Amino acid sequence: MKILITALAFTLLSTTAIAGKHNELKPLKIAQYTTVGYVELDGKRYQKVVSNHQLSSLRKTAKSIGVSNNFGLFKNDMIQRGELALLEKVSGNFFISGKNSLVLQSIVDEYNLDIVYSKGNVAIVTAPQGKELISLLNSLRADKRISVANLEKVANKMHPE
Amino acid sequence: MTIKLLKTTLALAPLVIAMPIFAQHSDPLYPQQWHLKNTGQTAFSANGGKKGQDMRVAAAHSRGILGQGIKVTVIDTGVQIDHIDLADNIVFGSRDLLNGGDYPIDTNGHGTAVAGIIAAVGYNGEGVRGVAPFASLNGFNFLAEQSLLSFLISHGKGEGTKDTHIFNQSYGGGDIFPRTYDPVNDLELAITEDAMKDVTLNNANGRGATFVKSAGNGYNSFGYGKYFILPGNYFTAADDGELRNLGLPMENSNAEISDANFWNTVVSAVNARGKRSSYSSVGSNVFMTATGGEYGSENPAMVTIDLMGCDSGFNVADGLGENELHGGTDIDPDCNYTSVMNGTSSAAPSFTGAIATVMSANSLLSPRDAKHLLAKTATKTNKKHRGVTLKFINNHGDEVKYKAIDGWKKNAAGFKYHMFYGLGRPNINKAVKLATKKGRKAYKPLSALRISPWNTLATHVEIPDASLRGGSANQYVNIARKFKIEGVQIKLDIEHSRLNDLSIELISPSGTRSVIMTPKSGAFVGQFFDETITGLKDQLFLSHHFYGEKARGNWKLKVVDTNGGDGDWILYDRVEGAPSTISPENNAQPGVITNWSIRFFGHKG
């Protein structure tokens, strides 16, 4: 698909003029993030990002922080897929479904997970602190007793209307 | 106490409550609350509204029907539960979802203002009055912590919400990517829907609950992440004598999967002149409209409570309109109130207050019954509005006209519907009157809610480019003859490389047409940034247009491609203040409908 993306600056509309003329286009102040690695999730490549504020404190404890392709994913990590996508926080929870609640309980015991909510054959489970989550997700998906396993990514997409 | 005496006492209870109240009769800012009684007051803005364009609640309040006994949960930025004009209505169960505490800290003020519209304490000599001024409230700061667990706790699956009758959700998140409705593999969706269904049917000891949600503020533009999505002529329309986006909505609320969810009651906004609020998103998923106002400087916004103190809430928020009340005045020296709150965020709590008031009139009413009574008695606001006609050049080079949004149209069940206003604006007085009829004319609650299975049709129907002819696919739905519709859901597969060109219509066996997706919507512009998106796959839509009609019969889906030329959009980076135009090429191949499914929510009647 061919699309043309042109900076509208060429059409003689300066940013200042736009802001002054169109009050509803309120500027947005957001925290700045730096990409520190990449992870593969659900067959898609995500940037792993750290807020610049957090990065400066990390730099105090590490000599250098470079971009890595083998970073792993842990609870509270922030990820993003492409420029348009929303920033998402990994909660450390998984959504899983299986044959029934007994099967789910046996899975939870085996993988050392905790159930935080369940109904019927579906549950929200949480991983132990410090556990790398992509390898755990892959293990859950490879388990034939589990029909579906999703890793929770919280985008805080909803905003006051 | 004998049963007869008990019944008499209960029947008189509202009057007993009412008498001391009306002896006091004082909420100093009430005369400016146009949404409760519109006298044409300015509400601290430059211009007044139009007399009578309000929620029609004054008579119900005078009868002592004030929302008493009804519990509302405000799911928002938090709620200042010790606010001087809220505290007496606050009950058990609030929670801060960030720290687990029982005070849902609101650093924004939005949730507190929303709570005030619903149930600011009335007749107490302080500030303002809620639409349901004696309803009970609790609150959650879900917008600060939006995990699924937080959703469940705040939406009926936590201790504090098991007895809630109405959940107010003055929030939304406009989408730009098609999203597949697939509860089998999308477990977050499955858990959410299952919980909402269960709570709707069984909460509050079986009386049930409802989830009220705002339609969005995206008619002219809407935000997605750090971007605003704007029509191609956003900056030039005024100079060129055009309407922005040719008068069509940028955000059709049906594009957000949670708003196409039957368990959400989606509400659009009207202003103090009885017309669509300039910003309000619209769609066939809108159940009804309610008061949201404008911006408060030129034209009235809502007069409600604000975080207490002059250094917080709307007093210090950037970019809001200013008017006489805002910032602290003689009438509000401590800055506890605001008159610049607006949005479908205000319409949702106005409607929530309406449901609470009607429910409080008759203990046999479920929230679903209250909604039904409000729909039945609704005001057809802005009744002369003709809808929106789109002109385009068809594939023969002729200019043709396409009715993209109808004016008010009566459906086969006698309910009038308008995509801007749903089934209309509440007339609470009339709904209460119906709810309190006695004897043979007493209101009979709706029979149990029924949900049909999905009826699916695999097909291959071409959608000719730029042609009014469109592509149509029919399917016969064999369902009980007496099944009366409350809502219709569609799942749709379409192959098309420029989805925004499409207008999608659903036509009932009775001939009622509902445009379930308007053309030129910004809903699917994400398609132009992801080459894997070749169309819609199980895209969910909802319509309330067929309310009360019979479900059985031949249903027709019609998809019209309305554009064979350019199709510009602007992506406006809010951080950099930099706009970029996107000019996707027209689809080289005609679109194709490959599959569509339909199901019904309703009752035997």
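This is a predicted model: local features need pLDDT of at least 70, side-chain atom pairs count only at pLDDT 80 or more; totals for chains, interfaces and linings use all residues.
Two strands pair if DSSP finds at least two bridges between them, and by that criterion β3 (residues 166–169) and β5 (residues 210–214) of chain B, which run parallel, are joined by 4 bridges. Within this pairing, Ile166(B) has Thr210(B) of β5(B) as its bridge partner.

- β3(B) and β5(B) belong to an open sheet of 6 strands in chain B, whose pairing is parallel and whose order reads β2-β1-β3-β5-β8-β9.
- The edge positions are held by β2 (136–140) and β9 of chain B, each of which has a single partner strand, so that one side of each is left without a neighbour in the sheet.
- Ignoring direction, neighbouring strands of this sheet are turned by 30° against each other on average.
- Helix α4(B) packs on the sheet, where it touches β1 (71–75), β2 and β3 of chain B, and its direction makes about 160° with that of β1(B).
- This helix, spanning residues 148–157 of chain B, is mostly covered, with 9 of its 10 residues buried; among them are Leu148(B), Phe151(B), Ile153(B) and His155(B).

**The antiparallel sheet**

- A second open sheet in chain B, this one of 4 strands with antiparallel pairing, has the order β18-β23-β20-β21.
- Here β18 (471–477) and β21 (513–517) of chain B stand at the edges, and because each has a single partner strand, one side of each is left without a neighbour in the sheet.
- From one strand to the next, the twist averages 20°.
- β18(B) pairs with β23 (residues 553–561) of chain B in the antiparallel sense over 7 bridges, and Trp555(B) in β23(B) is the bridge partner of Gln475(B).

**The nonpolar core**

- In soluble globular proteins, nonpolar side chains tend to be buried together.
- The largest nonpolar core has 184 residues, of which Ile118(B), Ile229(B), Val267(B), Val358(B) and Leu374(B) touch the most other members.
- The largest share of this core, 8 residues, is contributed by α6(B).
- When neighbours within four places in sequence are left aside, the contacts of Ile118(B) include Val72(B), Val74(B), Leu137(B), Asn168(B), Pro349(B) and Gly353(B).

**The two domains of chain B**

- The domain assignment divides chain B into domain 1 (3–216 + 251–382 + 421–441) and domain 2 (387–411 + 447–604), and the C-alpha centres of these two domains lie 31 Å apart.
- Contact between the domains involves 24 residues of domain 1 and 30 residues of domain 2 of chain B.
- On the domain 1 side, β9 (286–291) and α7 (367–376) of chain B are the elements that give two or more residues, and the residues of that side comprise 13 nonpolar, 6 polar and 5 charged.

**The contact between chains A and B**

- This contact takes 49 residues from chain B and 39 residues from chain A.
- Elements giving two or more residues to the chain B side include α4, α5 (187–202), α6 (344–360) and β24 (569–573) of chain B, while the largest share, 7 residues, comes from β25(B).
- By class, the chain B side divides into 19 nonpolar, 23 polar and 7 charged residues.
- Strand pairing also links the chains, since β9 (residues 159–160) of chain A and β4(B) pair in the antiparallel sense over 2 bridges, with Gly172(B) in β4(B) as the bridge partner of His159(A).

Methods. Residues are numbered from 1 along each chain as its sequence is written. Chains are lettered from A and ligands numbered from 1 in the order in which they are written. A residue is buried if 20 or more other C-beta atoms lie within 10 Å of its own, exposed if 12 or fewer, and partly exposed in between; C-beta atoms are placed from the backbone. Domain bounds come from an automatic or database domain assignment. Two residues are in contact if their C-beta atoms, placed from the backbone, lie within 7 Å. Ala, Val, Leu, Ile, Met, Phe, Trp, Tyr, Cys and Pro count as nonpolar, Asp, Glu, Lys and Arg as charged, and the others, Gly among them, as polar. Axes are lines fitted to C-alpha atoms, for helices over the stretch in contact, and angles run from 0 to 180 degrees between N-to-C directions. A nonpolar core is a set of buried Ala, Val, Leu, Ile, Met, Phe, Trp, Tyr and Cys residues joined through C-beta atoms within 7 Å.
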